[in-house]
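Work through the two exercises below with the model open. Each gives a task, then a stepwise solution.

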Amino acid sequence: MERRIPVLVVGGGLVGLSAALFLGSHGVRTVLVERRESISRLPRGRSLSIRTMELFRSVGLEEELRSTPPSVLRDLDVIIQAESLSGPEVFRTTRPKKAGFADLSPTSPVTVDQNEVERVLLRNVLADGHELLSRTEVESLTEAPGGVRAELVDRETGRRTALVARYVIAADGHRSRTRDALGIGTSGIGNLCRYVNIPFTCDLSDALNGRSVALAYLDRPARNTMLTRLDGPDRWILMVPLDPDGAPPLTGERCADLVRAAVGSESVDPVILDDFLDRRRRLPEWDLSSWVADQYSSGRVLLAGDAAHVMPPAGGLGGNVGVQDAHNLAWKLALVLRGEAAPSLLDTYEQERRPVAEWTNEYSADRQLSRHDGKRGRGPVPDSLSIELGYRYLSDAVCDEPGDYDDLPALSHLGSPGGRAPHVALTRDGAVVSTLDLYRRSFVLVAGPRGHAWIHAARAVDAGTPLDLVHVGHDVGDLPGREGDWVRAHGVTESGALLVRPDGFVCWRAKDDLTASHQEVLSEALSRVLGAGAAAPTEPGTGR
């Protein structure tokens, strides 16, 4: 009999590992399939955003990630455009200093390379009991009774195995074979340029002339060349656009010539780091692209991360959006697998995450294109915090309320149905806690100091899923001298209440007390969010 599992994760990179980690926090163990033998040594993404750190905080990884060796870019803040690194600057910008985040979040962004993050995630995923099959490819996915049958092949031994997963998460990157096999297309700008990465070591202090350059956009050896640090002061990556007509493979001496052209000096003597070559001894290549998948799922297969969207590197948001995809999907899958929500809850994954990808992609593409020519893009650029925290979900998993939010600043959405619940510092058992730390595994009903009726009603509701209760002024309280903070931040009166999902997003709000039956109102809200009732019970052997 074929082995049956709850979730198969295709891809063991940042997003696939995050998906396993988040599912594990809900008691769901996964099997991960990864084509590579080990984690990539290239840094790729260089930072974790404030929202991503909130999610990793929710599963207990905040301090471990903060203690990870920081990216070499942490203390570098200059971005330039020039003909060569030694030449006069055409354009310069300085990355803004990290502002204080205490009013918005209990955490803050971390400048750390993606490969270091993946090491932390992998260590925790394995410790949590998930299974990783490295050097393994998914040869085919076919529909099976109650799930998806996956044919796997070990790339080294050729050994074939099969298993049946109730659901599959495709986190297999921008060239996703899973997405292609499902026939899912993409929309957007598309591929802007194909690059080859040339990792090298060289002392470029003369060309830098004291500048703390994190990234340089250069016209040599070709327009739109990029130069940035690798993982140390004298270790670099030169990203050169590939000849679209097909240039011959790059030799070591040719690579050195390209570096000299980019630096603008024939006297530098770069050493190419050939330990970054792939198994075929080729330099890494990648596409600078901007697109979003036309759909995020097909049957029981769901796309996440770069399989669902690819963003230009400006702003460093692509990987962060992928982690947030995984978190959104994990709690919904866990509820469906346990029979606490209808499978239709999974439809809200695309309803919520695809618009976020489109909005963030537009922002990233605008920044990328403007950096190439040193000019601002198509219009006013929103601040990065609005991009990271200010979006609002409009889906079947949100009980919207009347009101016009279109003309409000993005961060004003916090606390409204569909928006992320606000961060408010509260006291609990003598300690200071964030409201965001209350939302981790279950739905939470939070009522104001005079919201006794909501607390009583919630105790009587048959939610079909665990429902935690928090009574402000009783279970938790405002900080001394900050009375009324929770009420003001959430846009309710002291008699109001709100329902917060496991991902920390508000899905229902009552600004005040009601004359209608509180229990009936809460039951209706939960029923809508969970997909109009519970699904069939979890199949034996598919849980923890």
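**Exercise 1.** Is R46 buried or exposed, and which residues does R46 contact?

*Solution.*
1. R46 has a relative accessible area of 15%. R46 therefore counts as buried (under 20% relative accessible area; exposed is over 50%, partly exposed in between; 1.4 Å probe, protein chains only).
2. Locate R46: the loop between strand 2 (30-33) and helix 2 (50-58) holds this residue. Helices (H or I, at least four residues) and strands (E, at least two) are DSSP runs, numbered from the N terminus.
3. List the contacts (heavy atoms within 4.5 Å). Neighbours within four places in sequence aside, R46 touches S71, V72, L73, V110, T111, V112, D113, T228, R229 and L230.
4. Check L230: its backbone oxygen is 2.8 Å from a polar atom of the R46 side chain.

The model is predicted, with local features needing pLDDT of at least 70, side-chain atom pairs pLDDT 80 or more, and totals for chains, interfaces and linings using all residues. Residues are numbered from 1 along each chain as its sequence is written, and side-chain values use heavy atoms, without hydrogens and water.

**Exercise 2.** Which strands pair with strand 7?

*Solution.*
1. Take strand 7, residues 147-154. Six of its eight residues are buried.
2. Apply the pairing test: at least two DSSP bridges between two strands.
3. Strand 6 (residues 136-144) runs antiparallel to strand 7, joined by eight bridges. Here E137 faces V153.
4. Two residues separate these strands in a hairpin, and G146 in the turn has a positive phi of about 75 degrees.
5. Strand 8 (residues 160-170) also pairs antiparallel with strand 7, over six bridges. A150 stands opposite L163.
6. Five residues lie between strand 7 and strand 8 in their hairpin, where G158 has a positive phi near 80 degrees.

Methods. A polar contact is a pair of N or O atoms within 3.5 Å; within protein, one must be able to donate a hydrogen and the other to accept it, and residues adjacent in sequence count only if both atoms are side-chain atoms.
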